[in-house]
Every structure is written in C-alpha cells, then in structure tokens.
Amino acid sequence: MVTSGGESLATLPPATERRLGPEAAAGLGSFRAAGVLADADADVAAGLAALTGAEDPRAVLAAALAVRAPRVGHVCVDLAHVHEHVVLDLGPEEELERLGSLDWPDPATWAEAVASSPMVRAATRHEHPGSTADGQARPLVWCDGRLYLERYWRYEQELARRLRDLAGTTVASAGSPPSDPQAAAVELGVTRGLAIVTGGPGTGKTTTVVRLLATLLERAGRPVDAPLVGLAAPTGKAARRLAESLREGLATLDLPPWVTEHLSALEPVTLHRLLGVRPDHGSRFRHHRDRPLPHDLVVVDEASMVSLPMMAKLADAVGEQGRLVLVGDPDQLTSVEAGAVLGDLVGPAVPASRAVPSTSGTEPPIARSVVRLTRGHRFEATGGIGLVAEAIRQLDDDPAPALDALRAVGDDPHHEVDWRQPDADGGGPSELVASVGDAYRLVCDLAEAGRTGEALEALAAVRVLCAHRDGPGGVAWWNAAVSEWLGERGVRIDEPWFPGRPVLVTENDYQRQLFNGDVGVVTETPTGDGHARRLVAFPAADGGATHLAPARLPSHDTSFAMTIHKAQGSQFTHAVVVLPRRDSRICTRELVYTGLTRARQAATLVGSEEVVRAALARRIQRPSGLRAALADWSG
C-alpha cells in the first residue's frame, strides 16, 4: 500500500484530507497526483468511509476507483486487473511515467479488505436487484470479484433480466431461421421480442432494417393496421445519419407505394427524445416499466454507442408485447459512458465467422437473437479498406494477419489504404500536412464564395482522426499544423470566424438540434441586400444546411482534426488516422478499426509498425458482469 507522505497529502483538497486518516489520504493522494483519481472521486470515497465507519485505506482506494469507474466508461472495478484497465488521455510518455509511479495493493488481500468493509455488501448474480442478503442497503456492491456502485450493479442486473424476457418472447409464429443473414435478421425482428443485427460498415444493416419494417407493414396489409414503429440512435448525429440511410435504402427496394410512403414518414430521434427527457430530472424519463413506450417495435441504430444505464432504461420502457431491435457494430469503439453492452451481448458467444443462429440449440440463449452480417457493400469485395477491416475483425490474439493485410494493400494500385510512418518528432509527414491543408484550402475558398453546400461536401472529403487530443500527432498538433499551413498561403486564420473555419460542437444543444461531435463550417452567407454575414453552416437531415450565428453556438472548438472517439457515426471520403509516436493504452484494436472504417474511399494510417502492432493486440477492457449474468441463463 502507498505509505504516508507530505507530497501525496498535499494533492487532496483539505476538506477531503480531514475526513480520512493519514494513510488513506496518502494513498488517494498519490493516485490523484497521477491523474487516475479526480478530486470528486476522492471526496465521495471519503464521505462514504465517514458515513459507514470504514477505515481500511485499501477499501477507501477501491471505493474511489468505483466512483471513478462510470466517469471513464467502466461499469465496475475488477480489482485483480484494474491496474491494466487504467487509461489516461495524455501523451504516451507522460502516461507511462505517471502510471509507473503507482503502488497498487496486492489483489488477494485487497479483495479481502473490500469484501469485509462496512461500505460494501456481497451479492450474487442470481440475486434480484431489489433485494439484499442482509436487508441492509450499502453504497457499494461486491460480486464475483467486481466492485460496483450500487446503482450500476442494479442497472446491470435489471438489463440482463429484461433482455432474457425479450429474447424469450415469441410474438409471431416462426419457422427455421433462413440461411441468408439478412433474411434471418428480418425473421428474428418479425417473430421475436429481441433481435440483434450486427455487422461491419457497409454490410447492409440499414437495408436489413428497411426490409424488416417493410415486411411488418406488408403483413399488416393496410396503413390503419400498421404497427407503431420507433426509430432511435444514441446521438443526434447518428439519428440524422439513420434518416439518410433509410432514404437511401428505400430507393433501392421495390415496395408498394403505401409502404414506401409510410416508411418515408418515420423520423429517427435520439434515445433521450424517444424515452422523453423530464425537464426536472435529466437522467429520468417519462417512459419506463410502469408507463411503457407505445411502440410495437423499437429499432436502435449505432447500438455500440449506447451506455449501460441508457440501455437498461430503454429495455425497461419497452412494453410487454413490444419488440426491440438493436443494430450496430460490436467491433467499433464502445460508448463514451459506462459499459460496452453490444460487445457483451455478442462477445465470445457469437464467433466472428458465425452469421445466423444455429438450429442445433447448443448456442447460449442470448446468441439465438443475434445475426451477424458479413458481406460488405460499401467497399468493393477486394478493396483495401474492406480487406483490412475484415482482417482486424477476424483477429484473435495475434495481430499478424491484420499487419499483413495492411502491407498488402499498400501495393494496391488503387492505393485505397496508405500506411505511413510518423515524422521523427511524432507529427504527421510534411507532405501529408500539405495534402490535408490543400483540402481545407478548398473548403475556405468555397465558404468565402458563399457556396455553402459545396463547402460542406468538401469538409466531409477529408478528416484527420487522432488517438489523442494532446502530444505529438494529437488533435492540438494537427490543428496547429494545418492552421499554420493555411496562414502561410493567405487564409485569414487570425480572424476568429474566418470563412472555411471547421467548427466542432462539444456539447449537446437540444433546442438548436446540435449535438456533441457535429461539425460545421463558417461561410459568407448572402443576406439578400447585396451584403453577406458570416454564419456557421451544419448539414441538415434533408441534405441541405442549417445556419447559425456564431454567438448562438453551444460549446465548440476549431477542428481541422478530431479524436477517433468523436468521429463515431460519421463517414468521410478520406480518413487520416493518426496514432501516437509511442504505444499508449488508449490505442486499441477497436480504435484502429473505428478510425479506418470512417473512410468511404481512402484511408491513411500514420503510425510505426511497433505502435500499430501493439494497438491491434490490445482490446478495450471494460469490466462487466453482464456476460456472466446472461451466460447463467439456461432458458
């Protein structure tokens, strides 16, 4: 355990120190100094210890890490491996230095201290979330070597219970699952309470959803008997993208006119809007178990981005006779909030090579609700992006096949995927900076000429996607490099709202329908009296643009580059994916896969072989008991 010391104590706020003994304060202080714990994590843990009389510094540290867990995307703390799961969004060198300075408790004695703490109660996977073994409520729950905040343990148990119910519900007669994955997905969605449609980019997930909805309508026979359908996505950007994909999908199918008209009228919304955000309580919704959604079928796109709390509330709000269809790619990055629900649902139970549910009855029950689409449509069958993405998706522990695919496509005459080494200082090669700069110079020219639609199209032509915000090759580095390149060529980057400035929204604004991750561009917009004013244009769901005065924007940044996490749900003609100079825990297989598959036509990967190899060998680690809870189900 970390020993006492004046320097560690000094890193905690005085009020927090006073509620802790010297040893506990020193332990939390060292983790605070390293950037693992925030002041709020330490303060809440100190409050829980004071409230329950807990004194063991190891238990207090575990409590602080459990408080931290949801803030960094984890549902709980796996004490035996928590030292492997800590990721700091810093440059690789600083991250390594900080994490290397920490002294973690011995896992075995740490678990004993936590299990016996008055802050903690023991639970089992089979325990009803509303009960406690000793009748006493405690703020932390210990279950199978994992420590939860009580609320997150309850979310996990309630979601597992509701998914079991949905997966076990048959709402229409069904035969044997078709061998064609798209047909099998349609059959599941029509006949079962739960269908999970997974697949990589361009595998036809949205087209499958359109066929599912059309099948339901055609079986109804007439509009008055049509089921009520709710379409949703976790973010506004994803909802708009779903609307675009539905329009594109409808254009490819020969459907009865009334079916096309009915489906064209459907409006995808955010999950918050679907469930009905309560103005008096942002985390509670109007629809829940006692007041379920009115829809007969709810379809959720980009399900990999849905957090555990949101998924639990969604499943709880689906009516007893309702159906839930989850659509997404489990190989992508997970939600920025707590949990990796889609990955837990698909996970090892559904091998990457398996497409439709087995008819043998040997699969785990939840797996019988999963269809995996494997045939790519966005990329040519032999295209470099598709080949690399599939190689990454099929990896086991050895990254060699994906590295071989990257090398092979480098010789592709179409040059769809380009793998480049970073500069010696870790930044982007100068010719690549110039290439990106040229693309943004076109955006600036179009924006200054008032050609808004073309400027937005040019903005989506190339995007730099970075693993880190800071450090060489991070978002800040690329923003500075491209700004300097443009300034040297006459672009007025010293003006705060210069035409062509890319603007990244960093917080949700439901009133203006702008969402975290949306990107717009500053344009010279004609006013009709021979003059122009500078407005920020954003892509609209109907293919046009919406304009907003700069003063009315929510929180935002200039964005010649963005993190790969922010790019989820987006597509670009050319994606430039930049990894750091040295290996970092933030670099994972899912991060590389997500970055490369944001590209429609071309991708450039910047990273040394050592860093790429390490990233492809590392999976995102998000401790969870959901897989175990579902695996226990023998129904």
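The answer below starts with the helices and then turns to aromatic pairs and loops.

Analyst: The model is predicted, and every value that follows is computed from it.

The helix in question is H17, residues 384–393. Of its 10 residues, 8 are buried, so H17 is largely enclosed by the rest of the structure. The buried set consists of Gly384, Ile385, Gly386, Val388, Ala389, Ala391, Ile392 and Arg393. An α-helix has 3.6 residues a turn, so residues three or four places apart point the same way. The surroundings of H17 include both strands and helices: its buried residues pack against strand E12 (370–373), strand E13 (417–420) and strand E22 (599–606), and also against H18, helix H22 (589–596) and H23.

Two of those neighbours, H18 and H23, also meet each other. Two packed helices are described by the angle between their axes and the distance between the axes. For H18 (residues 400–409) and H23 (residues 609–617), the axes come within 10 Å and cross at roughly 135 degrees. Angles of 65 to 115 degrees count as roughly perpendicular and those over 145 as roughly antiparallel; H18 and H23 are therefore oblique to each other. The crossing of H18 past H23 is right-handed. On the H18 side the contact is made by Ala402, Leu403, Leu406 and Arg407, and on the H23 side by Glu609, Val612, Arg613 and Leu616. Sorted by class, this contact contains 5 nonpolar and 3 charged residues, with no polar ones.

Next come the aromatic residues. There are 5 aromatic pairs in the structure. One of them joins Trp104 and Trp110 in a tilted arrangement, with 6.3 Å centre to centre and 45 degrees between the planes. Both Trp104 and Trp110 are buried. Together with Phe31, these two tryptophans make up one aromatic cluster.

Another pair, Tyr440 with Phe560, is edge-to-face, at 5.0 Å centre to centre and 85 degrees between the planes. This pair links distant parts of the chain, its members being 120 residues apart. Tyr440 belongs to helix H19 (residues 430–448), whereas Phe560 sits in the loop between strand E19 (556–558) and strand E20 (561–563). Tyr440 counts as buried because its relative accessibility is 1%. Phe560, also at 1% relative accessibility, counts as buried.

Some loop residues remain. Asp144 is not a glycine, yet its phi is positive, near 55 degrees. Its place is the loop between strand E3 (140–143) and strand E4 (146–149), and with a relative accessible area of 43% Asp144 is partly exposed. Glu302 also has a positive phi without being a glycine, here about 50 degrees. Glu302 lies in the loop between strand E10 (297–300) and helix H15 (308–317). At 14% relative accessibility, Glu302 counts as buried, because the limit for that class is under 20%.

Thr124 is in the loop between strand E2 (120–122) and E3. With a relative accessible area of 43%, Thr124 is partly exposed. Apart from neighbours within four places in sequence, Thr124 is in contact with Cys143 and Trp153. The C-alpha atoms of Thr124 and Trp142 are separated by 8.5 Å, and the two residues are 18 residues apart along the chain.

Note on methods:
Residues are numbered from 1 along each chain as its sequence is written. This is a predicted model: local features need pLDDT of at least 70, side-chain atom pairs count only at pLDDT 80 or more; totals for chains, interfaces and linings use all residues. Side-chain values use heavy atoms; hydrogens and water are left out. Axes are lines fitted to C-alpha atoms, for helices over the stretch in contact, and angles run from 0 to 180 degrees between N-to-C directions. Helices (H or I, at least four residues) and strands (E, at least two) are DSSP runs, numbered from the N terminus. Angles under 35 degrees count as roughly parallel, over 145 as roughly antiparallel, 65 to 115 as roughly perpendicular and the rest as oblique. A crossing is left-handed if the near helix is turned anticlockwise from the far one by less than a right angle, and right-handed if clockwise. Contact means heavy atoms within 4.5 Å. Ala, Val, Leu, Ile, Met, Phe, Trp, Tyr, Cys and Pro count as nonpolar, Asp, Glu, Lys and Arg as charged, and the others, Gly among them, as polar. Rings of Phe, Tyr and Trp (its six-membered ring) pair if their centres lie within 6.5 Å; planes under 30 degrees apart count as stacked, over 60 as edge-to-face and the rest as tilted. Buried means under 20% relative accessible area, exposed over 50%, partly exposed in between (1.4 Å probe, protein chains only).
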